[in-house]
Amino acid sequence: MSTLAPGPVTGADTTGDRARTALRRVVPRWAPAVVGVGFVATCLLLTGTPAADLARWSGYALLAVLLPGTLVYRALRRHPHTLVEDLAMGAAVGLVLELAGWAVFAAVGVPGWLWLWPLAVVVPFAAVPALRRHWRPTGYRPVPTGWAWSVTGVVVGFTLYLVESFLRVNPVLPTEEGQAQYIDLAFQLSLAGAATHQVPLQVPQVAGEPLHYHWFGFAHLAASSLVSGVDLPTVFFRLGVPALCALAVVLVAVVGWRITGRPYAGAAAAALMFTVGEFGFENGLRQLFGTQTTFIVWGSPSMTYSWVLLVPLLAVFGEIVGRARRVTVPPLGGGAWVLAAGFLAASTGAKASSVPVVLAALGLAAVVLTVGRRRLPRAVLAAVGLTLAAQLFATAVLFAFESHGVTVDPLSGLRGYVEPTADRPVLVTGLVWVAVCLAFLLNLQLRLAGALALLRLRRWRPEPVQVFLLGGAVAGPAAYLLVGHPGSSNQYFLRAGFAFGVILSAWGWAEVLDRAALSARGRRRLAGAAVGFAVLLTAYQLRFPATAAPEPGYAAVLPLLIWAGVLTLLAILVALYWPALVGRWPALAGAGGAVLLTGVLVAGAPGLVLDARAARTFPNGGAYAVVPMPASRVAAARWVYAASDPADVLATNVHCWTVVNGWCDARSFWLSGYAQRSVLVEGWAFAPRMVGRDGGPYAPFWDEARLRANDAAFTAPTAAGLAELRDRYGVRWLVVDRQVEPESPVLAELADLRYDTDRMAVYRLR
């Protein structure tokens, strides 16, 4: 019997070994990204997104946003850090460039050719030798595997929330007459529709009325539809929001890493922003203090779009203000100023709340640095000047000095919870105010508790970049408390401040964790305990939901305060027994602060789950105001979209969402939204000149002659009247809802009936 000796290693064997080794290196590196992207794509497909549309839109995102933006970002930053940072920051830069390209192509009247704009970047980077190196840069730092999977987990979790609260309950096009829809969505869709062929935008519901508003986010949605060829409602109700949210998650993670120098501080900041919700136990109300982070991302997609521009701006200004000591992330270099100008310019019209909060943060940094160093910080003052110029441009040009109903009204967001009465002693009223203010801080600011820990660790002498972040984190809620708005839009200052606060809070948590000096095993146990604590809190609230809303006033915040008291007692109990626990498990020594802060930060974790569950209880994902969106109306509007020219103006006999005691609630936006055309007079309540006026949405239309001419076309049409609509106002189509009021039989003799169902009719003027 003989044995076989191993033969020599062949070239094929060597090649196979190399391939397997390369595969073992590549798969772990790319697995988190593949899982994240694949999960989002799967959710979109399962909620009715056509596969062809998803493929076309993905091509747009890669070739018309990510590619040109990443090339420009690489050219502007000095040294590479990580590939994921280049891609995330590059995507944000791509959105800025897209906005400029959209404005040019729309202004010259060829928006359909917008798909050519990336060539303005790609061609120079391919043709100029000095720029070609940015196609394949080197020197990237590897991303920690735990960081990558943590960020992927946040993306997956938040996408699941969007599935339950937004995607599942909002079909791309309504399929039944009883479809309910959050009242703002059709209005926002109408802005995106207007942006497919207008610059600057006009109020879609009142043809010719200038739109002094933050509409850049809707221009992005329009551009993505124009470039990808995907129908705008599919972009709006499916693709746009999940993509912006996923990008925002990654940006918070990479910017948090860049500013703090700690990768896991960035991942924690992303979790605080998109996983931990408001602290508050079920009390029968959908929102406390008029705010709700999770709802905002789909109920107001312009907020999410503004975060995608604001978060990278924090990285840029954080560097200009002054990098923290011992941060090893490569500096951005001189290109930071170009990036700052671009992100500021785009932020001016992304959300009106962004630039003021940035300005306040820079102002505080300038004051503190001047006092502390006894000399003017020139770079910070230059940043203040640049930001002030951006704010002046927004105020004068974009908003034309319109207030949009925002007034100086201190504590207006809290006043409704106090309700002072004549028979209540002043002392009791004062105590109620204290309780309500405490509830406000707990409800909306608890996840920022790590900022206090950071300041304490730094002995209340923060570094310049920390002062900048603290300024933004404080300016947001301060603005909310200072001003008022009839629609609670002052809440958006809070949302802008969150972008600053979560990074500062995660930074504090990371330093507390470092002080605890936990082993790798100890950190895993802490993470497991945090998850377990969040699960217990969530399970309790799911098991014992509130059955009815409390009485108005301070009673609304009592459940929150009671549970805060219960959890505080629990923390005190654990603190009392902590020495015994340390004696039993010595590894806990020195970890008390880390355990306490982690528990505080995750106390709001049930919010996301409860908000998603509300989608099964409340109409349209728990939105606080819904309107009917009948399939018959939308079908007529889509027919008009296909049959009409973008410049055509429509007229309709529908102006009211509802009529109360003879008063018209003029929040009807379905026609302009789904037809993507301007309407002579639809619902006028959201026109900038109307917001904040007495009567709210019931305020009458300001141009009585126009409204009379519009309505007469349906109730008492004449050849002269229809000719005036056509020649003076540009009206080409009349859209009738017969359930509101049937049209006059004479109309069929004066105009051509082109679309006719039991409920809807569309006429074309001759």
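Biologist: Where is Asn661 found?

Modeller: This is a predicted model. In it, Asn661 sits in the loop between β6 (658-660) and β7 (663-665).

Biologist: Why is Asn661 called exposed?

Modeller: Its relative accessibility is 74%. Exposed means over 50%, so Asn661 counts as exposed.

Biologist: What is the phi of Asn661?

Modeller: Asn661 has a positive phi of about 55 degrees, although it is not a glycine. Most residues other than glycine have a negative phi.

Biologist: Where is Trp460, and what is its phi?

Modeller: Trp460 lies in the loop between α18 (449-457) and α19 (464-482). Its phi is positive, about 60 degrees, and it is not a glycine.

Biologist: Is Trp460 buried or exposed?

Modeller: Trp460 has 55% relative accessibility. The cut-off for exposed is over 50%, so Trp460 counts as exposed.

Biologist: And why is Gln391 called buried?

Modeller: Gln391 has 16% relative accessibility. Buried means under 20%, so Gln391 counts as buried. Gln391 belongs to helix α15 (residues 378-398). Leaving out residues up to four places away in sequence, Gln391 touches Val355 and Pro356.

Biologist: Which peptide bond is cis, from Val199 to what residue?

Modeller: The bond runs from Val199 to Pro200, with omega near -10 degrees. Most peptide bonds are trans. Pro200 is in the loop between α7 (183-195) and α8 (216-228).

Biologist: What describes the packing of α21 and α25?

Modeller: An angle and a distance are used for two packed helices. Helix α21 (residues 520-543) and helix α25 (residues 606-614) pack at about 35 degrees, with axes 9 Å apart. Their crossing is right-handed.

Biologist: Which residues of α21 and α25 meet?

Modeller: From α21 come Ala534, Leu537, Thr538, Gln541 and Leu542. From α25 come Pro606, Val609, Leu610 and Arg613. The residues of this contact divide into six nonpolar, two polar and one charged.

Biologist: How do you know that β10 and β11 pair?

Modeller: Pairing takes at least two bridges. Five bridges join β10 (residues 751-756) to β11 (residues 760-765), so the two strands pair. They run antiparallel. Leu753 stands opposite Tyr763 in β11. Asp752 has Arg764 of β11 as its bridge partner. A hairpin of three residues links β10 to β11.

Biologist: What makes β10 an edge strand of its sheet?

Modeller: The sheet is open, with five strands in the order β8-β5-β9-β11-β10 and mixed pairing. The edge strands are β8 (678-679) and β10, each pairing on one side only.

Biologist: Which strands does helix α29 lie across?

Modeller: Helix α29 (residues 719-729) lies across β5 (649-652), β9 (731-737) and β11. It runs at about 125 degrees to β9.

Biologist: Which residues have the most contacts inside the largest nonpolar core?

Modeller: They are Trp102, Phe317, Phe468, Phe500, Leu725 and Leu734. This core has 216 residues. Helix α9 (residues 232-260) gives the most to it, with 20 residues. A second, separate core has 23 residues, including Ala439, Leu442, Leu494 and Ala603.

Biologist: What does Leu725 touch?

Modeller: Residues up to four places away in sequence are not counted. Leu725 then touches Leu680, Ala709, Asn710, Ala713, Gly730, Val731, Leu734 and Leu765.

Terms used. Residues are numbered from 1 along each chain as its sequence is written. This is a predicted model: local features need pLDDT of at least 70, side-chain atom pairs count only at pLDDT 80 or more; totals for chains, interfaces and linings use all residues. Side-chain values use heavy atoms; hydrogens and water are left out. Axes are lines fitted to C-alpha atoms, for helices over the stretch in contact, and angles run from 0 to 180 degrees between N-to-C directions. Helices (H or I, at least four residues) and strands (E, at least two) are DSSP runs, numbered from the N terminus. A crossing is left-handed if the near helix is turned anticlockwise from the far one by less than a right angle, and right-handed if clockwise. Contact means heavy atoms within 4.5 Å. Ala, Val, Leu, Ile, Met, Phe, Trp, Tyr, Cys and Pro count as nonpolar, Asp, Glu, Lys and Arg as charged, and the others, Gly among them, as polar. A nonpolar core is a set of buried Ala, Val, Leu, Ile, Met, Phe, Trp, Tyr and Cys residues joined through side-chain atoms within 4.5 Å. Buried means under 20% relative accessible area, exposed over 50%, partly exposed in between (1.4 Å probe, protein chains only).
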